[in-house]
Amino acid sequence: MVLARTHEKVRPATVDAVAGLEVVQLRHESQLTSEEYVKQRAWESASLEHCPVHPEGGCGFARHGTYPRVGPPGMLIARWYCEKAHVTFSLLPDCLASRLSSTLADVEKVATAVEQRAASIETVAEELRPDIGVQGAVRWVRRRVAAVANALKALKGLLPDVFGSVEPTLGGVRAALGVVEVLPAVRESVGAQLKAMPPYVGLGPRHFRGERGQRGRQHGVGADPPSRRRLLRASPESSGRHEGVAHGRRDEEAK
Ligand SMILES: [Zn+2]
């Protein structure tokens with residue numbers, strides 16, 4: 001299996017980040033694959049009815065266009081802006097990994113290949129990324145494997161009643177949930193606790209505890225992050241609820 005080459009960095013909500021605006025990623029619940037999302041221009045139907053910080057309104061909350069991801073090609077992310085809090089909110093569809101220009105499905109393919117490997121990780125890495133040197137390929141693979149391992153470990157902690165006795169492997173969770181693709185299902189399962197789930201599954205802070213190379217201070221939205229109650233539901237015409245949340249300052253791969 002050779003995966004299409006992906007750039008390692010995702011463009012942040014560049015203009016916003018450069019302007020010093022807070023950028024918060026929310027979940028756009030969607031069953032669409034990345035290809036379907038692009039083809040259907042699903043960002044156009046993504047909706048936030050009210051400002052997550054000021055549900056009472058009066059803050060100048062409005063749609064704020066879209067921003068492009070480096071990948072998949074043609075992918076745009078819907079965005080809103082709160083004038084009062086100087087915060088932009090982007091709705092990341094379930095098919096996409098956070099902080100990585102990749103889909104969750106592609107991340108899962110890599111981690112699955114490693115989990116099920118009969119050969120060395122170097123061999124697997126070379127097969128997956130023949131376009132780069134073996135050392136770079138191994139690093140590329142290991143980042144994804146570590147991210148998945150962190151997510152599955154966090155899952156046990158967040159939902160011990162459901163996953164406490166499940167082996168924290170893709171195979172274990174796949175069997176427990178009865179799904180083909182684990183990572184989007186995990187994002188779904190944790191619901192409002194998504195901010196406590198590490199990237200690339202979760203939409204948590206960039207400096208998620210324990211993630212290598214993560215630094216920086218907390219970027220909160222006001223005094224407290226928006227609670228699930230305060231996060232608004234999608235409008236009736238959109239594909240689902242929006243929830244979740246996090247303080248993503250930048251949307252790029254954690255090195
Ligand atoms: Zn607001």
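Tutor: Contact here has a plain geometric sense: the C-beta atoms of the two residues, placed from the backbone, lie within 7 Å. Before going further, note that this is a predicted model, in which local features need pLDDT of at least 70 and side-chain atom pairs count only at pLDDT 80 or more, while totals for chains, interfaces and linings use all residues. Residue numbers start from 1 along each chain as its sequence is written.

By class, the contact of H3 with H4 has six nonpolar residues, with no polar and no charged ones. The nonpolar class holds Ala, Val, Leu, Ile, Met, Phe, Trp, Tyr, Cys and Pro; Asp, Glu, Lys and Arg are charged, and the others, including Gly, are polar. H3 spans residues 104–115 and H4 residues 121–128. Both names come from DSSP runs, numbered from the N terminus: helices are H or I runs of at least four residues, and strands are E runs of at least two.

Two packed helices are described by the angle and the distance between their axes. For H3 and H4, the axes come within 10 Å and cross at roughly 145 degrees. Each axis is a line fitted to C-alpha atoms, for helices over the stretch in contact, and the angle, from 0 to 180 degrees, is taken between N-to-C directions. The crossing of H3 past H4 is right-handed; that term applies if the near helix is turned clockwise from the far one by less than a right angle, and left-handed applies if anticlockwise.

H3 also has a part in the packing of another helix. The buried residues of H8 (182–190) pack against H3, helix H5 (134–158) and H7. A residue counts as buried if 20 or more other C-beta atoms lie within 10 Å of its own, as exposed if 12 or fewer do, and as partly exposed in between, with C-beta atoms placed from the backbone. By that count H8 is mostly covered, with seven of its nine residues buried: Val182, Leu183, Pro184, Val186, Arg187, Ser189 and Val190. After H8 comes Gly191, with a positive phi near 50 degrees.

In the loop between H7 (170–177) and H8 you will find Glu181. Glu181 has 19 other C-beta atoms within 10 Å and is therefore partly exposed. Beyond its neighbours within four places in sequence, Glu181 is in contact with Ala105 and Glu108. Its C-alpha atom is 8.9 Å from that of Leu170, 11 residues away along the chain.

Now for the strands. E4 (residues 87–93) is largely enclosed by the rest of the structure, because seven of its seven residues are buried. Val87, Phe89, Leu91 and Pro93 point one way from E4, while Thr88, Ser90 and Leu92 point the other way. Strand E1 (residues 22–28) runs parallel to E4, joined to it by seven bridges, with Val24 opposite Phe89. Strand E3 (residues 76–82) is antiparallel to E4 over five bridges; here Tyr81 stands opposite Thr88, and Arg79 has Ser90 as its bridge partner. Strands count as paired if DSSP finds at least two bridges between them. Four residues separate E3 and E4 in a hairpin, and His86 in the turn has a positive phi of about 55 degrees. E3 pairs with strand E2 (residues 62–68) as well, antiparallel over five bridges, and Thr66 stands opposite Ala78 there.

Stepping back, the chain has eight helices and five strands, and of its 255 residues 45% count as buried. As for confidence, mean pLDDT is 78, and 71% of residues reach 70 or more; pLDDT is the predictor's confidence in each residue, from 0 to 100. Over residues 207–255 pLDDT is below 50, although this stretch has 127 contacts in the model beyond near neighbours in sequence. Where pLDDT is low, the predicted coordinates should not be read in detail.
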